[in-house]
Structures are given as structure tokens and as C-alpha cells.
Amino acid sequence: MARPALEFFNGLGAFAADGREYVTILGEGQWTPAPWINVIANPSFGFPGSVEGAGYTWSINSRENQITPWSNDPVSDRPGEVIYVRDEDTGELWGPTALPIRRTSGRTRFGTARATAFFEHTSHGVSLELEQYVPL
């Protein structure tokens, strides 16, 4: 995973793409001190994307109309939605996000000019990319 040109790196993340993205790079065994959430939404649909990949989906109202489960916990970052990849030969599971199964390092990008969350993770010799967005 090639590291993009970063500005103002703080040990966990930095700005990239001339300030249009915030990139978080979590090394193996590294976590943010608290859940780092970015809300990605339009007026009628959205989700909070976290650096570790947790989140849930809502329609119309984020509190009243949750489509998938969410826990409002300021310390942990339990996912309400998960994408798994499974090796059919070994039965091992992993995914494009750091949660719920963390094997190696990964990178998360949040676009400030567009409402997107982009996850990159390489494990078991497979590179995964996941882009989540809400249309305008």
C-alpha cells in the first residue's frame, strides 16, 4: 500500500490531496484514542463512518430511523454493519475495515470535498478496497 503525500501527520493521520481528504493510517496494533467518526449523509439518508470501519445506516432521522444497529458508546467502536471476506480453503475471515477482525495495518480516507469513506486493507496476500458514499 503506497503511502500518499501527507501534510501535518500526527502519528495517526494527516491531510492529503491538497486538504480534500483526511487519511488515517493505523499500524498493526495501533488504534485511535477514541472512536473517530465522520458523518456521511444527504438530507434523507446517511451513516457515520469510523476510522475502524464501524457504523450504522439511517433514513430520514439518525436517532429514530436506524436501519442497522448502533451503540452510542464513547469508548468502544462496535460495528453495526460488517463485510467479511472468507478464504474457502482455510476458513479464515477478514475484511476491508479494521473492525471487527484486525489482522494487519490499514488506511482510511475521508473526503472533505465529497461525502465518502474509503478503506484499504491488505491481509492474507489480498488487497481490499471499500468505498462508502451517499449520493447528493
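View 1. Strands here are DSSP runs of E with at least two residues, numbered from the N terminus, and two of them pair if DSSP finds at least two bridges between them. Between β3 and β4 (residues 45-50) there are six bridges, in the antiparallel sense. Look for V39 sitting opposite P48 in β4.

A quick note on what you're looking at: this is a predicted model, where local features need pLDDT of at least 70, side-chain atom pairs count only at pLDDT 80 or more, and totals for chains, interfaces and linings use all residues. Residues are numbered from 1 along each chain as its sequence is written, and side-chain values use heavy atoms, with hydrogens and water left out.

**View 2. Strand β2 (residues 21-26) is largely enclosed by the rest of the structure.** That's because six of its six residues are buried, meaning under 20% relative accessible area with a 1.4 Å probe, protein chains only. Both faces are covered, with E21, V23 and I25 on one side and Y22, T24 and L26 on the other. Strand β1 (residues 13-16) pairs with β2 in the antiparallel sense through four bridges, and F15 has Y22 as its bridge partner. Four residues lie between the strands of this hairpin, where A17 takes a positive phi near 55 degrees. β2 also runs antiparallel to β8 (residues 106-111), joined by six bridges; in β8, Y22 is partnered with F110.

**View 3. F110 belongs to the largest nonpolar core.** Such a core is a set of buried Ala, Val, Leu, Ile, Met, Phe, Trp, Tyr and Cys residues joined through side-chain atoms within 4.5 Å. This one has ten residues, including L12, L26, I40, F47 and V134. Neighbours within four places in sequence aside, F110 is in contact (heavy atoms within 4.5 Å) with residues including R20, E21, Y22, I40, V51 and A117.

**View 4. I37, W70, S71, D73 and D77 lie nearest the centre of the largest pocket.** A pocket, on a 1 Å grid over the protein atoms alone, is an open set of points where a 1.4 Å probe fits, with protein on both sides within 12 Å along at least five of seven lines; lining residues have an atom within 4 Å of a point. This pocket is lined by 14 residues.

Definitions and conventions: Buried < 20%, exposed > 50% of the residue type's maximum accessible area, 1.4 Å probe, protein only.
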